[in-house]
Amino acid sequence: MRFAYADPPYPGQAHLYRDHPDYAGEVDHAALIARLVAEFPDGWALSSSSPALRDVLPLTPPPLTRVCVWVKPFASFKPGVTLAYAWEPVFVCGGRKRTREEDTVRDWVSASITLRRGLTGAKPREFCRWLFRVLGARPDDELVDLFPGSGAVARAWEEFQRRPEP
Ligand SMILES: C[S@@+](CC[C@H](N)C(=O)[O-])C[C@H]1O[C@@H](n2cnc3c(N)ncnc32)[C@H](O)[C@@H]1O
């Protein structure tokens with residue numbers, strides 16, 4: 001199977017990446033989701049932010065899309081922000097159907113943010129491993145990482161292909 005993971009700059013936050021070589025302004029999420037639906041019928045996942053939930057969810061295909069959650073026990077607590085932003089929605093569509101013998105996967109993961117990757121929004125290994133299980137991915141599948149950033153997702157995928165067991 002061929003899956004995609006899209007981790008674009010979240011709506012309204014593209015400016016965080018304006019010094020990056022791949023920066024191209026705000027990402028058109030409607031076009032991105034249309035691409036995911038058209039090119040990745042086996043399954044895809046899209047990360048976003050809790051403030052963007054109300055705008056992004058209506059763009060996803062009902063009733064197929066699940067809203068999963070990444071909870072961050074350790075997150076960036078900014079001065080003057082009363083209520084921290086300590087979780088993110090992960091929209092998931094499709095994926096491999098599990099057999100009765102396989103473990104059920106939770107629709108949330110708890111994993112602290114990474115601090116040392118030098119890129120805002122780099123995804124931790126635990127998050128990636130959970131995402132691969134959510135999609136029902138197997139080592140001989142293909143994962144297309146549409147917004148590679150630090151390369152953390154590709155590294156986790158290579159590790160998963162070598163060692164798929166938890
Ligand atoms: C949230 S980060 C991806 C993080 C990545 N998943 C990781 O774990 O390191 C988003 C990436 O998209 C890039 N980017 C910024 N604007 C973009 C645009 N308009 N189109 C494509 N990529 C863009 C950023 O430079 C950044 O590398």
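The legends below describe close-up views of a predicted model. Residues are numbered from 1 along each chain as its sequence is written, and side-chain values use heavy atoms, with hydrogens and water left out. In this predicted model, local features need pLDDT of at least 70 and side-chain atom pairs count only at pLDDT 80 or more, while totals for chains, interfaces and linings use all residues.

View 1. Strand β4 covers residues 87–94; strands here are DSSP runs of E of at least two residues, and helices are runs of H or I of at least four, both numbered from the N terminus. Six of the eight residues of β4 are buried, that is, under 20% relative accessible area, with exposed being over 50% and partly exposed in between (1.4 Å probe, protein chains only). Strand β2 (residues 43–47) runs antiparallel to β4 and is joined to β4 by five bridges; strands pair if DSSP finds at least two bridges between them. S47 has V90 as its bridge partner in β4. Strand β3 (residues 65–71) is also antiparallel to β4, with seven bridges, and V71 stands opposite W87.

**View 2. The largest pocket.** The space in this pocket is about 1,100 Å³. A pocket is an open set of points on a 1 Å grid over the protein atoms alone, where a 1.4 Å probe fits, with protein on both sides within 12 Å along at least five of seven lines; lining residues have an atom within 4 Å of a point. Grid points are joined across faces, edges and corners, and the volume is the space filled by probe spheres set on them. The lining has 47 residues, of which Q13, L16, Y17, T120 and G121 are the closest to the centre. Elements giving two or more residues to this lining are β4 and α4 (152–162). By class, the lining holds 25 nonpolar, 13 polar and nine charged residues; Ala, Val, Leu, Ile, Met, Phe, Trp, Tyr, Cys and Pro count as nonpolar, Asp, Glu, Lys and Arg as charged, and the others, Gly among them, as polar.

**View 3. The second largest pocket.** Its volume is about 370 Å³. Among its 14 lining residues, R66, G94, R98, V105 and V134 are the closest to the centre. Both β3 and β4 supply at least two lining residues.

**View 4. V105 and its surroundings.** V105 sits in the loop between β4 and β5 (108–110). V105 counts as buried because its relative accessibility is 19%. Beyond neighbours within four places in sequence, V105 contacts R98, W130, R133 and V134, contact meaning heavy atoms within 4.5 Å.
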